[in-house]
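I opened the two-chain file to see how the chains meet and what lies inside them. These are my notes, in the order in which I looked things up.

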Amino acid sequence: MAGFQDIRRRIRSVKNTQQVTKAMKMISAVKLRKSQERLVSLRPYASKMMEVVQRVVGRIQGDSEIQPGPAAQAFLSPREEKRIRLVVVASDKGLCGGFNANVLKAASAFVAERGAEIVHLDVVGKRAAEWAKKHGLNPAGEYLGIAMPGFQRVVTEICQGANAQYHADEIDALYVIYNYFNSAVAQTPTVFRVFPMELDPRNASREATEVSHLLEPDPNSVLETLLPRFVETELLRNLLESSASEHGARMAAMDKASNNAGEMIAKLTLTMNKLRQASITNQIIEIVSGANA
Amino acid sequence: MSQTIKLEVVTPERPVFSSDVAEVQFPTASRGYYGILPGHTPLMSEVGDGLLYYIQDGQKHWLTVFGGFAEVGPDRVTILARESETVDMIDLERAEASKQRALQLLKEAQTEHDMAAAQAKLDASLIRLQAAGHPGGHGF
């Protein structure tokens, strides 16, 4: 029976695949936990930082006595966005469901909307680099094979570069496109403008009655250290969000794959048993009819 | 006017402290210490390396802070520290060992850069030891 042997071979191969997907799922679960821990501990800092910067910047904007220095300008007076630096964050490896497809779709839409010629691109992850190549974009910065300990270096490099470019009038804004980590099974592709900052109007109005902040030692030196720190924190958070999302997405994809493999094995086993029974029945009939004759 | 201040200390590593306190004092990089009582005028300042204390239930408590920013409002103090620890988090033995190592490095330092790095290390360990040595801290 050739069919019988074939099915057995297929079951064995599906079982092997299932073992691989199960192992990948477990590895992703461990990596997810690590990324998530780091992300969850950074988030309160990042959101506090955001709050403080919003408040201070909102107050300064309403205060004609303070003359903001060059670093503060980036936040206070948005220029027309003629040149944009865009950081696209995807993963190095695939097998993680719609993780890369979603974020790259958002990136494609963004580039199409703004025009490829004004976008100065940085890509994080091999998938993003491949995407850029396919669309004929020439990334200025490629960050491939970066694991969590390397994030800080990427962040520092991009921030310093973007800062210098902003002051040299080469770019007018810095955007990041990444997967926001909602939960282990849900990620949202997000387009985030790091600077100029999008001020939350509530902050300006809520505290409008309060007296302006004293800035010590003086407004510009505070802003000039606070704002770059803010940009770095946000960028680091975005990378961590993406990393946690990636492992979450891969874990979910591999879990689904393992389940599908299980279903397939069950189906194949059923077919195999049916075939075997059919062949036994056939043989019995043959023997019985032979004895009768 | 509320009689307490909400003190929050967060670092990129973890939220360190969050509670209502009666008084806070934190070190700045260049202007000594700021003592904050409820109803303080809004203020934004850099934070230096050193000891922060707050008073809660009539008791003084200490935290270490290493660089960052402080934002003060009438009823809140938010410290965005580069690093910060409560007294319980300080490992006394490690701080002592780090102090000895820094002293050693300071002796061996060849360049100004090495010297500055060793000095910074020494300062950090001294701050930790001092925090742990305060009444209310462990070890003394």
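I began at the pairing between the chains, where Glu216(A) stands opposite Ser45(B), a residue of strand S5(B). I then looked up the strands themselves: S6(A) and S5(B) run parallel and are joined by three bridges. Here a strand is a DSSP run of E of at least two residues, a helix a run of H or I of at least four, both numbered from the N terminus, and two strands pair if DSSP finds at least two bridges between them.

Before going on I noted that this is a predicted model, in which local features need pLDDT of at least 70 and side-chain atom pairs count only at pLDDT 80 or more, while totals for chains, interfaces and linings use all residues. Residues are numbered from 1 along each chain as its sequence is written, and chains are lettered from A and ligands numbered from 1 in the order in which they are written.

Next I looked at the contact between the chains as a whole, which takes 20 residues from chain A and 20 residues from chain B; two residues are in contact if their C-beta atoms, placed from the backbone, lie within 7 Å. On the side of chain A, helix H1 (2–61), strand S6 (214–216) and helix H7 (219–292) each supply at least two residues, and H1(A) gives the largest share, eight residues.

I turned to chain B, for which the domain assignment, automatic or from a database, gives domain 1 (5–88) and domain 2 (91–133). The centres of these two domains, taken over C-alpha atoms, are separated by 24 Å. Seven residues of domain 1 of chain B are in contact with seven residues of domain 2 of chain B, and on the domain 1 side strand S5 (43–56) and strand S6 (59–73) of chain B are the elements that give two or more residues.

Which strands form a hairpin with four residues between them? I found S1(B) and S2(B), residues 5–10 and 15–21, which pair in the antiparallel sense over six bridges. Within this pairing, Val9(B) has Phe17(B) as its bridge partner.

Not counting residues up to four places away in sequence, Leu235(A) touches Val155(A), Ile158(A), Cys159(A), Val176(A) and Val194(A).

Is Ala162(A) buried or exposed? This residue of helix H5 (residues 151–167) of chain A is buried, because 24 other C-beta atoms lie within 10 Å; the cut-offs are 20 or more for buried, 12 or fewer for exposed, and partly exposed in between, with C-beta atoms placed from the backbone. Leaving aside neighbours within four places in sequence, Ala162(A) is in contact with Arg85(A), Ile171(A) and Leu174(A).

Last, I checked the confidence: chain B has a mean pLDDT of 87, and 94% of its residues reach 70 or more, pLDDT being the predictor's confidence in each residue, from 0 to 100. Over residues 136–140 of chain B the pLDDT is below 50. Where pLDDT is low, the predicted coordinates should not be read in detail.
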